[in-house]
Amino acid sequence: MRVTFTANGKPVEADDVWEGESLLYVLRERVGLPGSKNACEQGECGSCTVYLDGVPVCSCLVAAGQVQDREVRTVEGLTDENGELGLVQQAFIDAGAVQCGFCTPGLLVQTDALLESDAQPSDNDIREALSGNLCRCTGYEKIMDAVRLASARKCAGKAESE
Amino acid sequence: MSTRTIQGQKNLQNINQASKDGIGGSPLRPDGNLKVKGEFAYSSDMWHEDMLWGMALRSPHPRANILSVDISEALKVPGVYAVLTHEDIPGSKYYGLEIQDQPALAIDKVRYHGEAIALVAADHPETARRAVKKIKVEYEVLTPIVTEEQCLDPETHGYVHEPHEYKSHGYGNICHEQKLVSGLGVTDEVRALADVIVSGDYEVGMQDQAFLGPESGLAVPAEDGGIDLYIATQWLHVDRQQMAPVLDLPEEKVRLTLAGVGGAFGGREDLSMQIHACLLAQHTGKPVKIVYSRDESFFGHVHRHPAKMHYEHGATRDGKLVFADCRIVLDGGAYASASPAVVGNAASLGHGPYVIPNVKMHAIALYSNNPSCGAMRGFGAVQAAFGYETQMDRLAAALGMDPVELRQLNAMAEGDFMPTGQQIDSPAPVAELLQRVKDMPLPPPLDTEHLDVRQIPGALSNTSHGEGIVRGVGYSVGIKNVGFSEGFDDYSTARVRLEVIGGEPVAMVHTAMAEVGQGGVTVHAQIARTELGVEQVTIHPANTEVGSAGSTSASRQTYMTGGAVKLAAEAVKRALIEKGRRRYGWTHHDITLVGGKVVSESAGPLVSMVDLLGDEAIDLTREHHHRPTVPFDKETGQGFGHVQYTFCANRAVVDVDVELGLVKVVELTAVQDVGKALNPLSVVGQIQGGCTQALGLAVMEEIIVRDGKVRNASFTDYLIPTILDTPPIPVEILELPDPHAPYGLRGVGEAPTVSATPSIVAAIRNATGLALNRIPVRPEHLTTERPGEL
């Protein structure tokens, strides 16, 4: 089948999609967006998290056909048009929250969603919001640091613009 | 080659770091930018036009004879290009890290659940999956040999490998063994010297590395008849060494390039899909990609050896250790993998960082029809630490002593001797690490007035509102060796090139080091900056065009390949200065490179590196060998077997819901001597990550195997710590230089994984009064076990 949808603001089209393919597979193997990661492909690890119509989902659990005419935003879409890193991306680098980096794309999208809904989450809020994203390298401490840093920068940015 | 594949090769190629940070600073990762943009090409991201997808048929039985394999129906599936069995292998049919006992595809029998029998290449992963299902295998199912008792009685229960096919030095179903005796050994006379004797039987479950990036890679057949493989591994050259004979190719025609690696932790030390993808690519003449699913990943790599251990310790009334006796049985599963090294570590490190005048030890690894076990972070030392640290707590209780004071009283220090007879000839601040971890402030008590359920056992499951929750505190310390031991010369190679690019001196570092996330690439650039006085450093992609870097394991890579980068950079520096002496006739003896200039410390700047280099590039390669070690004596275990030792101490604070058997680790503190922190940010990250894997082993992680069959091959059923399970991990670093090591550094990655698990279990015991002799500790242990003697 053919699937057409919007990925990071651009229309994309995938042909010869087998009905059983996931959104994750279509992104990675058919439309050149391999940033979303294939760690478990059963909705446990969060590495494939993308926005679907603005809501973070595990793209491995979404059938390709379900995204017809809908909007998908992936980790590649967190960078602006000029290639400048988004605030959450920069915070993850600065805090040392990236080691092997396989969990990073999912964590970035989930953190971005968290800070969109609550720019100043408590530590417990952060842990709850990210509890569906597994990381095997860092022990999460630097990830906590990164989210706190992104939150502080976001709040400072808001204060400045007000 | 498509652009995506080429992009994969360029992961690190063109990244210039403008930072001036040399060693001791914390410059940011050179690959961080690509990783947060989703553009870093991992092995599973590789792509090639016309590529096929490979998949393996795996055995549903842990032990069976294969009577027939019929591939005819699979070959008829439209879109299938090849179906291969062991009969299609052009070269040697066996491979292995240390002992070549594993068939690349099963031959006439299968020895573990999940063993690969046949391969399919097809145009779509689903086509491959369907074709795999159409391969008909006729099995004669046999009773698997899975318990220690069965393994040790082959006359009754059979052999995993028939004696005539033995390739290890073992016998019966024993793959490897190591004995050790020091002092007077442990005899009745020695026992009589002790006022107090404690003993216990301990068990460690099978842990999985559970790296997030599944085994994957892309094999591309080349015009010269060779093959190019883009792969996630821990050691490119040892992969090649095992692959070439099976593919019937000379090593130089098997070219490996490191693709992005999504974690490793020992699980990529053995081959997984490397040979399979190459066989399919050779056979079809097309590029072949293999990506394991998560369940296949659980069958596709070796795990941490489960262990059964018996310990007996004797001490005087005032707490001085008199003797220790130990037997460690490690289940190595069907194939040898790294079992010999794991046994060597368990035997030589199995009494912990303590001075014990009389010691006996017997460690063995079994062959069985359970999943193969091999390298995992802290291999051999992790299992033993749970045994000896539990013994220390038990001994302290028997003596009425403080458990930390008992450890400090017996702690080894520089100048002391290991039970192997090896003298510790660099700092070993075991007592100080314990003191520092004890002196760190404790977290506040659970605030039951303003309870946030997310902080208590059960957390978001809303299982409690603070009733039945008891706090406990536990301590532990551990010892690990750094580098490959027992006479192995695991040297590393580095190539450093210095030239002028765009009007600036630029250093390029080229090694075959597997960057698996640890940050070795960051450290290499730091070393080049420090030694060459340049700002711009480029990291060449890791491949087999340069000599071996050894494995990214055993906490060795910064020591070994970092050391090689240092040697090569020093050689480049000497060559550049020599060039200046020839040209300018300098006679100064204090010339160095700083800030892009050649500088005499007394006379000041002599010339800019740009002017001195001109159009010339200085390009030198050096090997770094650590000091030699020797194999342990088979009977006595004596010998200078290890390169370096590393120590970490932990304190765990836990809250236990004693009614429901749920545990929340509240805080896990670590103090570690790292010799010299080349990159403090990365060092802390390693320690925190290592502690968290230890937490997983303490309270949740285990591959459940019943009658040889794996029951939980998924992230739904094999649990690793989430961010809610993981507490704050305060880390304190000591930097006591090791005079034998580059920059005085000490390997970092494994010590916390060795030491942290026992502290958590000790804290749970402290809260509950239960004996808890098995890890991981499960809710049913906490609710059904009766309070035991501590």
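**View 1. Helix 18 of chain B (residues 680–699) in a predicted model.** At 1.5 Å a residue, the 20 residues of this helix should span 28 Å, and its end C-alpha atoms are 29 Å apart, which agrees. The expected span is 1.5 Å times one less than the number of residues; helices (H or I, at least four residues) and strands (E, at least two) are DSSP runs numbered from the N terminus. Of the 20 residues of helix 18 of chain B, 18 are buried, so the helix is largely enclosed by the rest of the structure. A residue is buried if 20 or more other C-beta atoms, placed from the backbone, lie within 10 Å of its own.

**View 2. The contact between chain A and chain B.** Chain A contributes 45 residues and chain B 51 residues, two residues being in contact if their C-beta atoms, placed from the backbone, lie within 7 Å. On the side of chain A that touches chain B, helix 2 (87–94), helix 3 (104–117), helix 4 (123–129) and helix 5 (141–161) of chain A each supply at least two residues. Helix 2 of chain A gives the largest share, 4 residues.

**View 3. The two domains of chain A.** Domain 1 covers 3–78 and domain 2 covers 87–161, with bounds from an automatic or database domain assignment. Their C-alpha centres lie 22 Å apart. Each domain of chain A brings 14 residues to the contact. Strand 3 (residues 49–52) of chain A provides the largest share of the domain 1 side, 3 residues.

Residues are numbered from 1 along each chain as its sequence is written, and chains are lettered from A and ligands numbered from 1 in the order in which they are written. In this predicted model, local features need pLDDT of at least 70, side-chain atom pairs count only at pLDDT 80 or more, and totals for chains, interfaces and linings use all residues.

Definitions and conventions
Buried ≥ 20, exposed ≤ 12 C-beta atoms within 10 Å, placed from the backbone.
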